[in-house]
Amino acid sequence: MGTSETEASIMVPNPLKTALERVLTRASTFNDELGDVESPITELDTGATWTGSAARRYHDDVLKPLADDIRTAAESLAADVEHRLRELDDLVPEHVAIALQVELSIR
Amino acid sequence: MSSGRADSYSSIDVTGLRGVIEDLEQSAGLMDRTLPGLRRDFEFFGVDTANLTKLSNGYRELTTVVEELWERHNRAEVLLADYEGRGLAGADSIVRFPGDLLDGDHHVTHEIHHQDGRTPGDVHTWWEGLTDTERAYAISYYPDTVGSLNGVPIAARDQANRRVIMQEYTRMSERLAELEAGAPIDFYPDEPNPLPFYLDEGEHLKERLGGLDVIIERLDDQPGRPRAYLIDISTDGLGRAVVSIGNPDEADNVATYIPGTGSRLSDGLATDIRRTDRMLEAADRFAPESTTSLIMWLGYDAPQDVFAEAPSPSLADKASDNVRNFQEALRTTHLKGRSHNTLLGHSYGSTVIGRAAREGDIHVDNLVFIASPGVGVGHVSDLGIDPDRVFATRAKWDLIKATPRNILGPQPTGGGFGATHFRSDNSNPLAGHSDYWESQLARRNLAYIIIGWHDEVN
């Protein structure tokens, strides 16, 4: 009995954490790739592409707030994932890890 | 926005704005591809999704912004084309205008792109819901779309298509002049032998321009002849042209004539328009108390070769939906109750209307088969209208009678078909397949059918 308890308590890296780290990479890549969302909007603000009072209103009331919202939310994605990563145990019992692997494989 | 810009005018750099929008579309595309997968993962791993939700909302708003910016771009592009047409454009692609290009009626243009493929009734409901300003806007900025929509009133389609035909005439004339001023290799530098391509394009342009010339001439209001309306026009491929003499929306009697093999947008249309005019003259002579409108409908790709294409019903079948849709539209936009409607087909045009009637509601009171090689059914009862209102004629010397019944079906002038025959003999005993409108007897009988004097048909 004591032997099996010892065997059951072997701790291994948490597969959820490993998988979530991959999600963190994807979230960060998305944020990097989205970096250009502000460039065209800045062009509408400072360039000669579209000028006049309607352009100004549209930039100030619609485009700029939208770009800010998108930028802020995209930058926060990685922090959201990192927060969750910190909540997860680094190690889990081997049988738990096996069950989690199965769950990850069938999701 | 930087300060110091004058507020009295606005400007758009058409090329620059296109670049900006395409960049924003790339961002929207990235969000569209990535966010759903991230959401699934966030939910699975228990990650807070509040920021993802903000991004999803931002994505939706961004697509709306992109749509609105395209709208501005497209209007600016139209303005630029107008500048160029009047020699006002500079070396850049910048247009200047007061206020905002989307003032007031911008939603019209969003809706206009959703009308294609809708029923004439739905299109008509949309059109009737627009203000006069919105309609004028749609006609000015989207004449080709308004002009081709079944369900838009004929007068509005005419207004739009008159713009289209002049634009097309200018475009094709300029291209032809360019071709004629250059050498084949200038226009087809990648072709080892550019000459055939060069000659084909020149021939195509000359032929379509010949057709446009005929129509433009007939659209010109002249004393003593009824007003013509341009209901549809396209120079693509063999071309498309629908011209009415008189406004069918206001007429008591409406007849649509569909020509047959060899018809296309060329100067040959003069013959079909002349036939249309002559039928109207005859109808007006017998029934001056009622109003009649005659339509020449070349809304399909007619076979061009008697031996290679005309023996097949495939082009007729392709035209079926268009024929029924157009006839339904005539019912939909008609203003004075229910008009008395007739559909006439000459030669392969009769195959078109027979097969269209076989497949669904044809929305007419009479069907008339003139010199038919076969209409795809064996009996009048298969045509979906009152069998007493199906008429057929074939002149004695018309060689169409030699068409075997296994090609396009039995001819409607055959004994077992059940159509009402009428005479179309010509004073010239050798008159053939294309001479029906030269026969006074044929014109009189056609007029009787069109105005509803069915008992007089003989």
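Buried area is the accessible area (1.4 Å probe) that two parts lose on being put together, summed over both. In this predicted model, chain A and chain B bury about 3,800 Å² between them, with 67% of that area on carbon and sulfur atoms. On the side of chain A, Phe30(A), Trp50(A) and Arg56(A) lose the most area to chain B, together 15% of what that side buries.

The contact involves 43 residues of chain A and 41 residues of chain B. Between the chains there is one salt bridge, in which the side chains of Arg26(A) and Asp41(B) meet at 2.4 Å, N to O. Six residue pairs are in polar contact across the two chains, both members at pLDDT 80 or more. Helix 4 (53–87) is among the elements of chain A that give two or more residues to this side, and helix 4 of chain A supplies the largest share, 18 residues. By class, the residues of this side of chain A divide into 25 nonpolar, eight polar and ten charged.

The chains also share an open sheet of three strands, ordered 2(A)-1(B)-2(B), with antiparallel pairing. Strand 2 (50–51) of chain A and strand 2 (94–97) of chain B stand at the edges, each with a single partner strand, so one side of each is left without a neighbour in the sheet. The two pairings are set out below.

| Strand pair | Bridges | Residues standing opposite |
|---|---|---|
| Strand 2 of chain A, strand 1 of chain B | two | Trp50(A) and Ile12(B) |
| Strand 1 of chain B, strand 2 of chain B | four | Ser10(B) and Phe97(B) |

Notes: Residues are numbered from 1 along each chain as its sequence is written. Chains are lettered from A and ligands numbered from 1 in the order in which they are written. This is a predicted model: local features need pLDDT of at least 70, side-chain atom pairs count only at pLDDT 80 or more; totals for chains, interfaces and linings use all residues. Side-chain values use heavy atoms; hydrogens and water are left out. Two strands pair if DSSP finds at least two bridges between them. Contact means heavy atoms within 4.5 Å. A salt bridge is a side-chain nitrogen of Lys or Arg within 4 Å of a carboxyl oxygen of Asp or Glu. A polar contact is a pair of N or O atoms within 3.5 Å; within protein, one must be able to donate a hydrogen and the other to accept it, and residues adjacent in sequence count only if both atoms are side-chain atoms. Ala, Val, Leu, Ile, Met, Phe, Trp, Tyr, Cys and Pro count as nonpolar, Asp, Glu, Lys and Arg as charged, and the others, Gly among them, as polar.
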